[in-house]
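Subject: Structure for your review

Dear colleague,

Please find below the structure that I am passing on to you. My notes on it come after the coordinates.

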Amino acid sequence: IYFKRRSSKRADNDPNLASVEDLKGPPRSSWLAGNLPDFVYTKNVGNEDNGLIRQFGLACRMKVTFNTDALFLADPKGLQHVLNTSGYNFHKRDAAKLTHIMLGAKNILAVEGEEHARQRRMLTPSFSQSYLHEIVPEFTHTTSKLVELWNDLVATKQGAGIDIDLHMWLSRLTLDALGQGVLSYDFKALTDEPSEYVAAFRGLFVDMFSQRTNAQLAIGDLMGKLPSFISRGLLNSSLSAMNRFQEFVSISSKISSSIMVREKEAARLGQELKSKDLLSTLSRPRFWCRFNNPLTDHRSLSVRANLSENPRSRLTDEEVLSQMIAFTIAGHDTVSSMLQWVFYELSLHPEAQAKIRKEIKLIKDVKGVQVLGPSEFESMHYTMAVLKETLRFHPVAPHNVRRADRDDVIPLAYPLKTASGKEVHSIHVKKGQTVFMSQYGYNQIEDLWGRDTDKWIPERFLNEKESERSKRTIGVFAHLATFSSGVHACIGWRFALLEMQAILIGLLEHFEFAPASSKPIILRKLSSTMYASTVIRKNRLDKYKKGHHRARPEDSDIT
Ligand code: HEM
């Protein structure tokens, strides 16, 4: 006999529990895409989240595709349940399937459940602190190339300041840094003759995701429910930049394959591993095992697993190659956008720049070193506070979506009033129901982060109160939601942090930053990540959207 509890009854009978349908929430803005457009087309990302939290609290009802009820969630205990405690019961099938269709292979971004846990177990050792420390000199070296280029630029102005497009420069710098860290490959993004990869990658995600229609939002939301051939067809017909994306994937595969062949050949000849990048280490298991003690060297652990006779405990060559594309996609725009926000805030806060420079000088004097590395970064508390505060205030992945695999009860740290006025401490979600998580909202809770969370104040991380800290329940770094949490938390957060530290220190040592002379208005916009955008004249943008203007709006269109 099959039986199940009727979900609404359960919520009705329990005085502390409400179903999602019982909660208060905003009216839908579209039948097709519900409230999703409110978050994507917003004037400034975060405004919608702030508005909902002010009006309804840290959880409320919202609408998604075809007027379906979903849960908007920023409550710390609720997020902990969905991401950590019940991690694999809240799946990300839509996103995984989208990635699988787009990349054509099963990497960590494109798998779920047991398969995901297996791949993650294999890859985690490659992202350990001790291994990543070896890549830092590559980040420093790449940054010094940019310093040289900027010195040449400034020299043309006899030392006077110069307006630069920081978005463009940081994107090029972080691509080269990622190329070195992941593949030991020079993308030549900082040269006048960038590789074909750079040409294919330039502006790709902005073109793909920044002008999404309601239909595209709905298709994204339905991915997991549709058969693969329909999903693929819908995606190909709805995303105009799909061809460009396929070209980008094939160039990436070509580069990764050639590096893998090179490393395997070198291993066969018994040559020493020169590169410390992720692909080289994953490609050369047997070599590493000869030279490292698998019990003490973290790098060998993934390799040791890769040597296993059991194919379930090994990453195949195809899987390793596919991970490389996943890492470049997951690790480029994120770090580049994050650094944009760091320099944006520093340009508005010259006093913070001065404090970082003072810290650099002090640590160099104390340690007697010329170039700072990971062990020095650890003692640079103010610099770290600047990074933490920017990660808190400008989370470049502000939202995250999951769907319940079964009926479940999500506990709340902060009780809510339902539409009928009942006070509840937990929410009943039905199998298949969407949970729309606001990383942005969690990072703004004053009870967790202290006063004035709508302002950028690095000092809050130097004077933290235990009462606030103890309420922060999620996160792999500083209890922030920015790198997410639990089973799918960012595997590259240490990589990102070391890269940002090296770049920030390398550039601040040589340059002072101030807002551009035209004093543009900067707003947060969404493409694949939340990036800094200047305000564009509305009539030009309208014409572009309607197709009357083929070219993207240019700098001259910026007010
Ligand atoms: C500031 C920079 C970064 C931010 C803010 C960031 C943020 C995130 C977030 C929020 C997730 C969770 C996505 C989800 O739950 O659906 C994630 C996952 C992931 N990130 Fe990052 N990321 C950053 C840098 C990087 C870097 C540098 C790499 C690799 C070199 C990387 C690789 C990944 C991978 C592979 C996943 C999937 C993990 C899994 O599903 O198990 N990320 N990242």
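Predicted model: local features only at pLDDT ≥ 70, side-chain atom pairs only at ≥ 80, totals over all residues.

Overall composition

The protein has 26 helices and ten strands. Of its 559 residues, 43% count as buried. Among contacts in the protein with a separation of 6 or more, 71% are between residues 24 or more positions apart.

Domains and their contact

The domain assignment divides the protein into domain 1, made of 7-94 + 400-468, and domain 2, made of 124-389 + 512-557. Between them, 21 residues of domain 1 are in contact with 23 residues of domain 2. On the domain 1 side, α2 (36-40) and α5 (93-103) each supply at least two of the residues that touch domain 2. The greatest share comes from α2, which gives three residues. Sorted by class, this side of domain 1 has twelve nonpolar, four polar and five charged residues.

Just after α5, G104 takes a positive phi of about 70°.

The ligand shell and C490

The ligand is surrounded by 24 residues, and the closest of them are A330, G331, T334, C490 and G492. The largest contribution is that of α18, with seven residues. By class, the shell has 15 nonpolar, seven polar and two charged residues.

C490 lies in the loop between α24 (466-469) and α25 (493-508). Is C490 buried or exposed? C490 counts as buried, because it has 20 C-beta neighbours inside 10 Å, and 20 is the number at which a residue is classed as buried. When neighbours within four places in sequence are left aside, the contacts of C490 are with V476, F483 and S484.

Strand β3 and its partners

Strand β3 (residues 68-73) has five of its six residues buried, and it is therefore largely enclosed by the rest of the structure. It pairs with strand β2 (residues 59-64) in the antiparallel sense, through six bridges. In this pairing, R61 stands opposite L71 of β3. The hairpin of β2 and β3 has three residues between the strands, and F66 takes a positive phi near 55° there.

β3 also pairs with strand β8 (residues 434-438), in this case in the parallel sense and over three bridges. Here F72 stands opposite F436 in β8. In a regular strand the side chains alternate between the two faces of the sheet.

With kind regards

Methods
Residues numbered from 1 in each chain as written. Domains from an automatic or database assignment. Contact = placed C-beta atoms within 7 Å. Helix = DSSP H or I, 4+ residues; strand = E, 2+ residues; numbered from the N terminus. Nonpolar A, V, L, I, M, F, W, Y, C, P; charged D, E, K, R; others polar. Buried ≥ 20, exposed ≤ 12 C-beta atoms within 10 Å, placed from the backbone. Near = placed C-beta within 6 Å. Pairing = 2+ DSSP bridges.
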